Amino acid sequence: MNSKPLVSAIVIFLNAEKFIQEAIESVFAQTYDHWELLLVDDGSTDSSTATAQHYATRHPKVRYLEHDNHQNRGMSATRNLGIRNARGKYIAFLDADDVWLPHKLERQVAILDSQPEAAMVYGSTQYWYSWTEKPEDIQRDFVPDLGVQPDTLFKPPTLLTACYPLGKASAPCPSDLLLRREVVERIGGFEEDFRGMYQMYEDQAFLTKVYLKETVFVANECWDRYRLHPDSCSSMVTKAGQYHSVRLVFLNWLAKYLSAQGVKDNEIWQMLRKALWPYQHPRLYRLLELAQHLRKHMKEVVETDQAAQMKGLLKSIGRRTLPVHIRRWLRTQQHHKYYPPVGWVRFGNLRRVTPISQEFGFDRGLPVDRYYIENFLASHANDIQGRVLEIGDNSYTRKFGGDRVTKSDVLHVAETNTDATIFGDLTCADHIPSNTFNCCILTQTLHLIYDVPAALKTLYRILKPGGVALVTFPGISQISNDEWGDSWYWSFTSLSAQRLFEEVFPTAVNVETYGNVLAATAFLQGLATEELHREELDYRDRNYQVIITVRALKPEVAS
């Protein structure tokens, strides 16, 4: 029986026929021989599936895994599938387009065996261009500086602020990591919400969880090659100009994760705020960058005593640092409103006929409409009590009802919805008992129902006397391009909402509106709450109704 600890090597792949065999062979070339290799398929449609199955049938140390029905679930879900099936004391990851150097496992196992405090070890990575064998790539290979003291144990959460994406030190590649399996299981593996282009940060989300809770050994050795090629996730995101969109989603996830974990470390929060600042104040950030650029050139001008250039530069500072409308405003009387003349309006990034995001802002942060919906529900949180019915899922019931809720029900029209406790259509729901619920929450639902009066009559009927309906629906909005787009029947105003509800609820109907021209514009462009100031979001203009809300009370004694 082998006394060495078993290492579970996990290779995930999706259509990796160009590179997967080389990755597999680099595992077989290891000087450390006590390993198992898990080849985990993320729904490939090329010959990489056959390659992986070939190795699995011919080598007892190799296993082939795939998702049910050969689904494509994303990198994180695929890594987690490998983790769940791993048998080793240690877990190592190898991306299918990378390779390990021969002494990788031998050296890393020795380090973790000699450093019982360490949950993970990593070293340097060779950035590998020369794999192409093109003359112009031969000299491009390099090993980035670690950026932290090598051959050192780092206590948590030191590396979270030292390494990218918050710090300046290099982030380790997944193919460079070796971890204790119990640690991977303890922190919950990889975050499966990072899919599509957001997979660019799935490893950083995982490393965040490690850095926050575990001790890490950083070695001054290089054990793997990270292949640079145009089809990699990071290359495709950068090429599509989506790097900053993806980074912002990660930073917002990090803020929520730190809050959920109860992290109070001032340095972490300070660095996170610094990272988010350019996205929250993009115009000011660009102005400061330009100002720094100008100061640099001014210094050069002073040092070379080029007086003429200095004079011209000073004259141009105002023109180059201030937007046109601000320069015009400065020329008007103080406190006097300024309206730019025809032809002087600067559209900037908004001069486009397609929105910045077609995902309502979910891909950039918290959507504007969700900000208003959650403010409305928070202001009526005391109504969310007793037995509560919510449409679609019970996320708002849990978030705003808390322990005031004695029973939570979910209504959904599709019987395939696993969260639902009641199936049906509000327009014909005779199977739902009358006088049942203390509160009903309908967010962004009524505009998808053609027969709105029938749905409201059902809502009134199933509420207990004294029960409350909390309802939101869109006013100014784009139309969804998902499965609900085909049933997006209505747009409402506060006036139509008042009339519809008063025809069913005889008393106590309170209608409010949220939004203004800036919030409406941001929402239509798919921008997120984080890209506006709170005072901009909270200003209400009834002429620009982004969200309409209704609180309707069923009287204690029916009229």
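**Figure 1. The chain is divided into domain 1 (7-238) and domain 2 (368-554).** The model shown is predicted. The C-alpha centres of domain 1 and domain 2 lie 44 Å apart. Along the principal axes, the C-alpha atoms of the chain fill a box of roughly 85 × 80 × 45 Å. The secondary structure comes to 19 helices and 16 strands. The chain has 559 residues, and 48% of them count as buried. Take the contacts with a separation of 6 or more: residues 24 or more positions apart account for 75% of them.

**Figure 2. Strand S4 (residues 90-93) is covered on both faces.** In a regular strand, side chains alternate between the two faces of the sheet. Here, Tyr90 and Ala92 lie on one side of S4, and Ile91 and Phe93 lie on the other. All of these residues are buried.

**Figure 3. Strand S4 pairs with strand S1 (residues 7-13) and with strand S8 (residues 178-180).** S1 and S4 run in the parallel sense, joined over four bridges. Look for Ile10, which stands opposite Phe93 in S4. The pairing of S4 with S8 is antiparallel and spans three bridges. Here Ile91 stands opposite Leu179 in S8.

**Figure 4. Helix H2 (residues 48-58) has a buried side.** Ser48, Thr49, Ala52 and Tyr55 are buried in H2. They cover an arc of only 135 degrees around the axis, so they sit on the same side of H2. An α-helix has 3.6 residues a turn, so residues three or four places apart point the same way. What do the buried residues of H2 pack against? Their partners are S1, helix H1 (20-28), strand S2 (35-41) and strand S3 (62-66). Now turn to the face of H2 that points away from the buried side: the exposed residues Thr57 and Arg58 are found there.

**Figure 5. Ser232 lies in a loop of the chain.** The loop runs between strand S9 (216-227) and helix H8 (233-239). Is Ser232 buried or exposed? Ser232 counts as buried, because its relative accessibility is 7% and the cut-off for buried is under 20%. The side chain of Ser232 reaches the backbone oxygen of His229 at 3.2 Å.

Conventions: Residues numbered from 1 in each chain as written. Predicted model: local features only at pLDDT ≥ 70, side-chain atom pairs only at ≥ 80, totals over all residues. Heavy atoms only, no water. Helix = DSSP H or I, 4+ residues; strand = E, 2+ residues; numbered from the N terminus. Buried < 20%, exposed > 50% of the residue type's maximum accessible area, 1.4 Å probe, protein only. Polar contact = N/O pair within 3.5 Å; in protein donor to acceptor, adjacent residues only side chain to side chain. Pairing = 2+ DSSP bridges. Domains from an automatic or database assignment. Arc of directions from axis to C-beta. Contact = heavy atoms within 4.5 Å.
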